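Visitor: I have a model open and want to learn to read it. Can we go through it feature by feature?

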Amino acid sequence: MAARGLGLLTSLPLRARRSQVQRPLCRLLSCPGTVAAAVGREEQSSGRAETGSEDRTPKKRFSEVQKERREQAQRTVLIHCPNKISEKKFLKYLSQHGSINNHFFYESFGLYAVVEFSQKESVASLQNVTRTPSLGTEAAIPFRSRYFNLKLKTPLNQTSEQSSIRCRNQSSPSSKKLFELLCCAESVDDQLNTLLREFELTEENTKLRYLTCSLIEDVAAAYFPDCTVRPFGSSVNSFGKLGCDLDMFLDLDEIEKFSTHKVSGNFLMEFQVKNVPSERIATQKILSVVGECLDHFGPGCVGVQKILNARCPLVRFSHQASGFQCDLTTNNRIALKSSELLYMYGALDSRVRALVFSIRCWARAHSLTSSIPGAWITNFSLTVMVIFFLQRRSPPILPTLDYLKTLADAEDKCIIEGHNCTFVRDFNRIKPSGNSETLELLLKEFFEYFGNFAFNKNSINIRQGREQNKPESSPLHIQNPFETSLNISKNVSQSQLQKFVDLARESAWILHQEDKDRLSPSNNQPWGLAALLLPSVANSMSLAKKKKKPASERIKNLLESIKSESTENSTATNG
Ligand code: GTP
Ligand code: MG
């Protein structure tokens with residue numbers, strides 16, 4: 001690994017060293033040219049993830065993004081198309097209903113098109129010429145949705161008519177491709193940015209998420225006209241990986257906004273409503289009927305499960321056409337606010353998302369996280385841990401939540417169910433960090449920090465940005481940023497936490513070893529982030545565990561010896 005033979009340059013800052021000794025792109029024999037070309041193309045098209053070179057384009061507020069995307073989704077339709085179709089004729093046919101702003105195709109058990117009209121009226125115009133199918137032996141339940149099925153009266157047989165349709169990819173890369181890309185990278189920083197580019201939600205995938213919410217809103221509106229279905233969680237907080245679930249929030253408060261609450265003379269008008277004993281029961285009843293509605297009448301909604309006795313009641317279903325696993329909740333406004341907070345943190349510094357994506361992928365690769373609920377750590381908790389770690393750097397890379405609260409103005413004020421959820425939402429009021437540490441260093445230090453964190457007595461708290469005494473005995477305590485008496489990782493067992501700590505130490509050790517071996521001859525072994533994602537790390541560790549001392553103890557000792565070595569070296573250099 002000649003590119004990482006940096007031993008003689010130790011007195012230069014890491015970033016400078018990386019730029020002087022560049023790993024030639026696809027120098028490795030294992031890198032096929034096609035992948036290199038793909039990397040090159042990606043680099044040209046997306047300058048989003050470069051560490052250090054902060055994006056100067058004004059950052060939009062979360063509420064602005066949500067509003068724009070929602071409005072865009074309301075002008076958009078989803079069409080299941082025949083596999084053989086002429087794109088040109090298809091667009092011409094649809095243009096009869098109005099001009100088209102944007103469209104794309106994707107594959108998910110068939111070919112689908114997402115078509116965004118310029119005007120909402122075009123959707124109604126298309127619906128007016130659409131029929132309900134007659135299905136022979138089965139009966140159709142009529143529903144004028146924005147999800148259509150396009151049929152050809154006569155199949156296309158002239159190949160000249162079939163322009164080759166370019167489908168937008170909606171899934172993350174295979175492990176093989178990811179390893180190839182990572183091994184071709186020039187530096188660990190480049191690896192983290194590559195991983196971010198490969199896994200982050202694409203523009204099309206984001207559009208499809210908002211469209212799916214909008215289609216579900218149409219169904220829920222059968223019971224609650226003027227309701228809103230909003231995406232939250234990783235679909236919108238900027239930490240979503242391709243393939244992540246779609247968390248939806250059924251917002252009934254919007255209905256209230258249509259009334260002006262006019263008091264005229266001595267009169268005040270109220271709606272007659274049904275009362276139930278508690279908010280929770282109201283939530284369960286609302287989700288129950290919407291769940292039924294999705295199950296019976298929601299086009300493309302399959303496998304509907306009503307999970308109403310959970311701490312946060314929800315309806316879970318698959319939206320077949322988009323391929324999203326959806327979780328619909330209501331009365332969950334704090335989660336929406338958490339998504340906004342995470343979005344802010346993700347946009348404040350370009351290193352945040354790159355680091356979070358890598359840690360999430362690392363945790364997934366070692367089965368620390370799972371899509372099945374259980375005693376594992378969640379992606380949400382991992383993200384909060386990264387934010388906390390970045391608040392602890394010197395100088396800090398991210399501000400504390402309390403500091404963001406001090407910058408807030410009257411418009412930012414937000415109290416939800418008695419919890420103060422206020423923080424500044426205007427990016428211009430937050431000073432950028434003066435910290436210029438590389439992603440490589442941050443990754444290594446993240447593992448070291450949490451590999452040695454006193455989880456037995458300390459709690460992680462992003463509100464104050466410092467460790468605090470644990471208020472209760474759960475193995476892992478991460479304070480909920482808004483409901484401060486709650487622990488977001490209460491579910492995590494001692495053994496899962498220990499697995500996390502062991503893997504963090506092992507990963508820190510691997511990165512330290514690589515630093516030490518920089519002068520060793522190059523080989524085609526996975527290195528840097530690629531080495532950390534290999535399942536063999538966990539396996540070798542569990543093997544080592546069976547032998548002699550516990551792996552965690554051995555690694556801790558090794559880390560300590562490396563630390564004292566580097567302190568000695570720096571003292572020697574300074575001297
Ligand atoms: P992935 O779906 O795993 O990609 O991440 P996610 O952030 O979407 O997590 P998840 O689907 O589990 O939860 C959705 C959102 O609900 C999160 O982003 C949080 O805003 C919120 N949330 C999740 N878990 C908790 C929790 O334990 N406490 C609180 N207050 N909010 C949570
Ligand atoms: Mg989610």
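Visitor: Which residue in β6 stands opposite P231?
Guide: This is a predicted model, so read each feature as a prediction. M248 in β6 stands opposite P231.

Visitor: How many bridges join β5 to β6, and do the strands run parallel or antiparallel?
Guide: Strand β5 covers residues 228-232 and β6 covers 246-251. 5 bridges join them, and the strands run antiparallel.

Visitor: Which way do the side chains of a strand point?
Guide: In a regular strand they alternate between the two faces of the sheet. In β5, T228, R230 and F232 point one way. V229 and P231 point the other way.

Visitor: Are the residues of β5 buried or exposed?
Guide: The strand is mostly covered, with 5 of its 5 residues buried.

Visitor: Which residues coordinate the magnesium ion?
Guide: The magnesium ion is ligand 2. D245 and D247 coordinate it through OD atoms, at 2.1 Å.

Visitor: Why does D247 count as buried, and why does D245 count as partly exposed?
Guide: The cut-off for buried is under 20% relative accessible area. D247 counts as buried because its relative accessibility is 13%. D245 counts as partly exposed because its value is 26%.

Visitor: Which residues are closest to ligand 1?
Guide: S234, D245, D247, N379 and N480 are the closest of the 17 residues that surround ligand 1. The shell divides into 5 nonpolar, 7 polar and 5 charged residues.

Visitor: Where are the polar atoms placed around ligand 1?
Guide: Take the side chains to begin with. A polar side-chain atom of N480 lies 2.7 Å from a nitrogen atom of ligand 1. An N or O atom in the side chain of N379 is 2.8 Å from an oxygen atom of the ligand. From A335, a backbone N or O atom lies 3.3 Å from a ligand oxygen. The protein covers 78% of the 600 Å² of accessible area that ligand 1 has on its own.

Visitor: Which elements give two or more residues to that shell?
Guide: They are α11 (333-348) and α13 (379-391). The largest share, 3 residues, comes from α11.

Notes
Residues numbered from 1 in each chain as written. Chains lettered and ligands numbered in written order. Predicted model: local features only at pLDDT ≥ 70, side-chain atom pairs only at ≥ 80, totals over all residues. Heavy atoms only, no water. Near = heavy atom within 4 Å. Polar contact = N/O pair within 3.5 Å; in protein donor to acceptor, adjacent residues only side chain to side chain. Areas by Shrake-Rupley, 256 points an atom, 1.4 Å probe, with all protein chains shown as cover. Helix = DSSP H or I, 4+ residues; strand = E, 2+ residues; numbered from the N terminus. Nonpolar A, V, L, I, M, F, W, Y, C, P; charged D, E, K, R; others polar. Buried < 20%, exposed > 50% of the residue type's maximum accessible area, 1.4 Å probe, protein only. Pairing = 2+ DSSP bridges. Donors = N, O, S within 2.8 Å, 3.2 Å for Na, K, Ca; no water.
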